[in-house]
Structure formats: structure tokens, C-alpha cells
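Reader: Before I use any label attached to this model, I would like to see each one set against its criterion. Could you take me through them in turn?

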Amino acid sequence: MGRWIAAAIVLFLAAVVIYSMATNSRFEWGVVGHYLFNPRVLRGVRTTLELTVLSMAIGIVLGVILAVMRLSPNPLVQGASWVYIWFFRGTPVLLQILFWGIGISALYPKISIGIPFGGPVIASGNANHLITIFVAGVLGLGLNEGAYMAEIVRAGIISVDEGQHEAASSLGMTRLQTMRRIVLPQAMRVIIPPTGNETISMLKTSSLVSTIALADLLYSVQLIYSVNFKTIPLLIVAALWYLFFTTLLSIGQYYIERYYARGAARELPPTAIQKMRTLMSRRAGF
Amino acid sequence: MEAMLKAEGVHKRFGRLEVLKGISLQVNPGEVMCMLGPSGSGKSTFLRCINHLEKIDAGRLYVDGSLVGYRQQGDKLHELRESEVARERAQIGMVFQRFNLFPHMNALQNVIEAPIRVKGMRREAAVQKARQLLERVGLSDKIDAYPAQLSGGQQQRVAIARALAMDPKLMLFDEPTSALDPELVGEVLEAMRQLAKEGMTMVVVTHEIGFAREAGDTLVFMDEGVVVESGHPREVLANPKHQRTQAFLSKVL
């Protein structure tokens, strides 16, 4: 009985919200529809996706390297990783983005590749050309993400039973082989859920690049509403796109988690389609 | 005949606790040595020293004539590099109390992993060999099963096959049946007995007195980090000379 009452209340509240959203003309749903697939908005969506994918890729690769370094028996290697995490986790990501976007070309107007300490230069270029605002955005987000991913990966690695290291060692596997083949695949079960979380978070955090005038999704709609003053509907456009992609990412995460549950669970959890099928067949009375 | 395993005054301490206080013993090729003793006597630690999972603090350990974990130059010992230690370990099989199978791999993958990665064996050859080994331990129908789908006894037999896949010269067993339900102990001991019969050199830390009596060539009784008594299993079990051995055996027999 209580369940029915709760369901009725929830349905009633949902109806109130939907009714008010549909009837309040200030939402300007027509404008939302008009701009949802606007080429400038779509370009912003693409930039946001590129930023997210590239920054997460950098973050994950860096995170794995830093985590393995952190667990190295060599104190110098361990210390280097610690300092990196200390610095990039200790300053706001917005500051880091501003730094890459504005600060780096002021500090190092010319960037060159060659032998350090005054040796010959192989290639060099103007910092403003090399580090475009897009590169600055990716660096700011990716290097920061690396510090967080390092801790996530490290937590995953130490969650793996010590006996696994010993078994692999006793078979003659080296530390790196053990890491890559035995420990990391098992650590994945612990690493994936927070990484999915980080990716979803990155999709939204990437909007900070609007501060260095990089036209991602949010900055694109800002540019549009600063001219036509359709602020609310354009923010809704951005929100809808963000929601769409976070939903996609959540679904992807479910399947990745399912894949890495192999061996840990006797039976894999059902996929959405499998769930639907059981539900349908039960309805049909099979 | 050169000894397969030779220990000379092996010492090991964890912090202030001295776990091994000078262990000296020898195992010849094809022999099965069983180690008995109360928990905390240092048997497992000694076993782990043999493949350098633990570093010894003093003494010498030789497997098949070469020093474990170190290289001797003059009278100085140099610790081997990681890859060299790994190469030494590849020749020594180890079976653990808690099986330690790789849970994300099925039985076959568990067995072929090291031959492919460490020995550089070709996949087809490794698979063929793994099938034979799994058949030998009576698990030819469980090749695709993941560890979580196997009983403890089956897991331990996969672990034995996994160790054998590296063609070890020496097999170490660290209480291989202690984590098993009583009705599953027999199948694992049977696999070990079979292995002993085929001439494998084995060092077995165990509480299975029956196994020690039937399959063992020597029995070593350890207590508080020293070898209290050793000899032929039937001899030691029937007429323990030392008081501590007598006391221990009276409790377990």
C-alpha cells in the first residue's frame, strides 16, 4: 500500500514540473529546438567531446605511469610521482588552464627541442603557435586529470591480493609483466567505476576552457546568447547536450564494468536487452 | 651427484624477530623432502627464501648448484638484477596454500601465461602442453572454467599444472592442502604423489603426516627457526628422537 502512495506522490510531482515547464513560455522551447542542431552549437559539441576524449586519454596514460612509479621500489622514481601529484592536485584546475592558455607563452616565448643546458637545437617554434588554445585546454585538463587518475589506479593496484604478485613472480614474470598481465586487469574492476565518474566529470569540467576563449559547447552557446539575449533557452540547449552524452557514457561504463567482472562473478549481470527480454517473457507468462 | 637444493646456515629475520636461525639441509634430485613443524616455526619462510620471495640475511642457498638471488665475486655477494632473479624463479615451481590462480583468466589461460610470456613459447605449443598437463591432473573438462567456478581442490590442481608448465627443476609446495575442505585434500595429494613418482624433486611444507610417510624421502621437523630433527620419514615418525618432535607428533598423530 505504502509503495502505491509513494508512487502516486512521485508521479504527481513529476506531472507538476512537466506541466509548468511546458506551459511557462519563458522556457522558449521553440528557440531551444531552433538552436539544438545549430552548426555553431554542433561545433561546440565536437570541441567538448574532443577535449574530453583527449584529456581523459592523457589522464589515464599519465595516471597508470604515475601509479606504477608511485609503487616502485626506487625512492627517486617514487618521489617524482609524489611531487607531480602534489603539484597538480594542489592547485585549481582553472588556474592550470589559465596558466597553459596565457602564462606559458609569457614564460617561454620560444619552445625548442634539442639537447638541454645550451646544446644544439633540433627544432624550435613560437610558443603561441605551438600551444594553441585547444592544446592549452587539453594540457590543462589532461595533466590535472593525470594526478587524480594516478590515485585511482594506485587504489586499484593495491586492491589486488599480494598472492597474485607472488604467484606471478614465482613463475618468473618480471615486475612490469606482472603489472600489465596480472595486476592491472584485476585492478580494472576497482579502477573503472571512478574512471567513468571522472570521464563524466571531465565532460563538464571541460567547460572551464571558456575562460581561455576556447569555443567548446558552453562557450559556443554563450557567444550566441551574448548577441541575441536568448540566455535561458541556449543554456537549456547546452544542458541537453551534456545530459545526452553523460547518459551515453553511463551506458558505456556499465558494459565495460561487465566485461571486467569476468572471473570475479560466477554469472555476469544481464545487459539491458537481456533484462528487457526476461521481463517480457515473464509478462507473457513463459 | 650434485644436490638440487642446498642450504647452508640460512638466516632470516623480520625486523627484530629472527625467523630462521641457521638452516642447513640438502635435497638430491628426484627426492621429496617434507617439512613438518608447528605454525610459526619458519617452514613457509624457508620455502619462500628458496625462490627469493624473501631475501635471506645470512648463509647460502643453492638451487641446482647456483646461488639463489646473488652472484658471488670473490667473497662478496652481489644481488642479482630483477630479470636475473626472474630467470632463476622460472626454474622453480611454487604451489601456494591459497592457490593464487589468476582469477581473470580461465584454467587454460592460467597455465599458458608464463610459458608464453616468460619462456617465449609459441601459443599453439603452450596450449597443447597445457591441455596435457590439465589432463594429467584430471581436469581436461575444466579447461574453460574460471577459478571462481572451480572447487578448492580443482583450483589447486590447476595451480600445480600452472607451475609444471614451466618445466621446473624443483617444486615447492607451501601447505598445499591446508585451505581445502577435508574431502578435497585427497585429489590434490594424489596429484602430488603422482608427481613424486615421476621423479620430480619436491620440497613440501605440510601437515599431512600420511603424505610425508608414504611419498617423502626425507622428513625435516622444524621448530623456532631451526631444524630439530631430520631423517627418513618412517624413522622420524616412528621413533622421534627429540623431545619437541615427540611433543608435536603426539598432538597431530
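Predicted model: local features only at pLDDT ≥ 70, side-chain atom pairs only at ≥ 80, totals over all residues.

Reader: What makes a space a pocket and not a cavity, and how much space lies in the largest pocket?

Author: On a 1 Å grid over the protein atoms alone, a cavity is a set of points where a 1.4 Å probe fits but cannot get out, whereas a pocket is an open set with protein on both sides within 12 Å along at least five of seven lines. The volume is the space filled by probe spheres set on the points, which are joined across faces, edges and corners, and for the largest pocket this comes to about 790 Å³. Its lining, meaning residues with an atom within 4 Å of a point, has 26 residues, of which A:P73, A:S169, A:R175, B:E82 and B:R89 are the closest to the centre.

Reader: Which helices each supply at least two residues of the lining of the largest pocket?

Author: They are α7 (133-158), α8 (162-170) and α9 (175-205) of chain A, together with α2 (82-89) of chain B. Helices here are DSSP runs (H or I, at least four residues) and strands likewise (E, at least two), numbered from the N terminus.

Reader: What makes the span of α3(A) close to the expected one?

Author: The expected span is 1.5 Å times one less than the number of residues. α3(A) has 32 residues and reaches 45 Å from its first C-alpha to its last, which is close to the expected 46 Å.

Reader: Why is α8(A) called mostly covered?

Author: Buried means under 20% relative accessible area, exposed over 50%, and partly exposed in between (1.4 Å probe, protein chains only). Seven of the nine residues of α8(A) are buried, among them A:Q164, A:E166 and A:S169. The buried residues pack against α9 of chain A and, in chain B, against α1 (43-50), α2, β8 (92-95) and α5. α1(B) is mostly covered as well, with seven of its eight residues buried.

Reader: Why is B:R157 called buried, and what does its side chain join?

Author: The relative accessible area of B:R157, in helix α5 of chain B, is 11%, and B:R157 is therefore buried. A polar contact is a pair of N or O atoms within 3.5 Å; within protein, one must be able to donate a hydrogen and the other to accept it, and residues adjacent in sequence count only if both atoms are side-chain atoms. The side chains of B:R157 and B:E187 are joined by such a contact, of 2.7 Å.

Reader: How do you know which residues B:N110 is in contact with?

Author: Contact means heavy atoms within 4.5 Å. Leaving aside its neighbours within four places in sequence, B:N110 is in contact with B:L101, B:F102, B:M105, B:P147, B:V158 and B:R162. B:N110 has a relative accessible area of 0% and is therefore buried.

Reader: Why is B:E224 called exposed but B:D167 partly exposed?

Author: B:E224 is exposed because its relative accessible area is 52%, while B:D167, at 47%, is therefore partly exposed.

Reader: What makes phi worth noting at B:D167 and B:E224?

Author: Most residues other than glycine have a negative phi. B:D167 has a positive phi of about 50 degrees although it is not a glycine, and B:E224, in the loop between β11 (218-223) and β12 (226-231) of chain B, has a positive phi near 50 degrees.

Methods. Residues numbered from 1 in each chain as written. Chains lettered and ligands numbered in written order. Heavy atoms only, no water.
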